[in-house]
Amino acid sequence: MNAMLERLFGREKKSARQAKERLKLVLIHDRTDLTTETLNLLKDDLITAISRHVDIDPRTVRIEMTQDGRQQRLIADIPLNPVTRRRLR
Amino acid sequence: MAAKVVTVTSGKGGVGKTTATANLASALAANGLKVVCIDADIGLRNLDVVLGLENRIVYDLVDVVEGRCRLRQAMIRDKRLPELYLIPAAQTRDKSSVSPSDMLRLCDEIRPDYDWILIDSPAGIERGFRNAIAPADIVLVVTNPEISAVRDADRIIGLIEADEKGPARLVINRVKPAMVKREEMLSPDDVLELLAVELIGIVPEDEEVILSTNRGVPIVLDGKSKAGQAFRNIASRLRGEQVPFMDLTEPNGFFGRITRLIRPGGA
């Protein structure tokens, strides 16, 4: 239904863009041997480890894979909770 | 003289490795250079038919490696081009009949007397591919603007780099400009962005390639064909010349437009 509506309004993604987006993900996994599942496990472990030392909000943690030439990079964005809030508690 | 060894590979089969090898070798030889091409696809040889030399095979690569003949006896000379030679693959043996060190030794024997050695690699990432890249100075990776071919090219590029044979140079073959324009085919820019590797040529899809293969006459020898021009350009870039990439935005070029004017709606 959604696809039909999209086609109706001419918003359906061109197949070349679909191919490119699918390839991007496939190549990340081929190059690193990392699946989305492993990435999520890694994220959980990271949150556990970091939480032992600093106060963070697990919901704000973001982990993503980026490409820099043929080099794959794992980027973790971990916002820290302000110290003041911790003292108030 | 010390020949440079160029290995043409791809990972996936059917993307145009053999066509590229035959045409680059012919284009270099047409410029007066001394060229030897080696079919490393043992058991599934085809470079002989694409070059139109299939009827002249007496000895093959495995015969040379196993010492049943001298190197020169296995080198078939192309009669159309003064200095183009083919060492055909054996058809009734398998990839394990030759080792990477055999290929190194063979190329070392050829190198002093020739300008270029072009090796047609088999598809896959196993022994045949290892044999083909062992002596390479330059590795060309052929791909098509299509998911499976790009994915396999990426694997192959990774293996080439791990083997310190890189950087690989990319040939994007069978591009259909009209489909790219409609955004129904990955563009050369898309492929380059995904693979992050140096480009050496873009070859448009061209029916003339099938005709030339039917006849056993490499398409670079046909002055008019677009694919032939693209292969000639790649050969020039191999020689270190700066050649601008062909503009493929107008699908059929000048003649296509004229044809459409004369026969509106026709092919």
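1. Chain A has four helices and two strands, and from the N terminus on the elements run α-α-α-β-β-α. Helices here are DSSP runs of H or I with at least four residues, strands are runs of E with at least two, and both are numbered from the N terminus. Bear in mind that this is a predicted model, where local features need pLDDT of at least 70, side-chain atom pairs count only at pLDDT 80 or more, and totals for chains, interfaces and linings use all residues. As for labels, residues are numbered from 1 along each chain as its sequence is written, while chains are lettered from A and ligands numbered from 1 in the order in which they are written.

2. How many of the residues of chain A count as buried? Of its 89 residues, 3% do. Buried means that 20 or more other C-beta atoms lie within 10 Å of the residue's own, exposed means 12 or fewer, and partly exposed is in between, with C-beta atoms placed from the backbone. Among the contacts in chain A with a separation of 6 or more, 39% come from residues 24 or more positions apart. A contact is a pair of residues whose C-beta atoms, placed from the backbone, lie within 7 Å.

3. Now the two strands of chain A. β1(A) (residues 62-68) and β2(A) (residues 71-77) pair in the antiparallel sense over seven bridges; pairing takes at least two bridges found by DSSP. They make a hairpin with two residues between them, and Gly69(A) in the turn has a positive phi of about 65°. Asp68(A) has Gln71(A) of β2(A) as its bridge partner. None of the seven residues of β1(A) is buried, so the strand lies largely in the open.

4. Asp77(A) sits in β2(A). Buried or exposed? Asp77(A) is exposed, because 9 other C-beta atoms lie within 10 Å. Asp77(A) and Leu23(A) are 54 residues apart in sequence and 25 Å apart in space, C-alpha to C-alpha.

5. On to where the chains meet: 14 residues of chain B are in contact with 15 residues of chain A. On the chain B side, α7 (147-162) and α9 (188-195) each supply at least two residues, and α7(B) gives the most, with six. That side divides into six nonpolar, two polar and six charged residues. Here Ala, Val, Leu, Ile, Met, Phe, Trp, Tyr, Cys and Pro count as nonpolar, Asp, Glu, Lys and Arg as charged, and the others, Gly among them, as polar.

6. Asp190(B), Val191(B), Leu194(B) and Leu195(B) are buried in α9(B). They lie on the same side of α9(B) because they cover an arc of only 115° around the axis, the arc being that of the directions from the helix axis to the C-beta atoms. The buried residues of α9(B) pack against α2 (15-32) of chain A, together with β6 (138-143), α7 and β7 of chain B.

7. Two backbone angles to check in chain B. Most residues other than glycine have a negative phi. Glu164(B) is not a glycine either, yet has a positive phi of about 55°. Glu164(B) is found in the loop between α7 and β7 of chain B and counts as exposed, with 6 C-beta neighbours inside 10 Å.

8. Chain B holds an open sheet of eight strands in the order β3-β4-β2-β5-β1-β6-β7-β8, with mixed pairing. Which are the edge strands? They are β3 (76-77) and β8 (198-204) of chain B, each pairing on one side only. β3(B) runs antiparallel to β4(B) (residues 84-87), joined by two bridges, and Ile76(B) stands opposite Leu86(B) in β4(B).

9. Last, α11(B) (residues 226-238) lies across β1 (4-9), β7 (169-175) and β8 of chain B, at about 160° to β8(B). Axes are lines fitted to C-alpha atoms, for helices over the stretch in contact, and angles run from 0 to 180 degrees between N-to-C directions. Buried residues of α11(B) include Phe231(B), Arg232(B) and Ile234(B), and the buried set packs against β1, α1 (17-30), β7, β8 and α10 (207-215) of chain B. After α11(B) comes Gly240(B), with a positive phi near 95°.

Key:
Contact = placed C-beta atoms within 7 Å.
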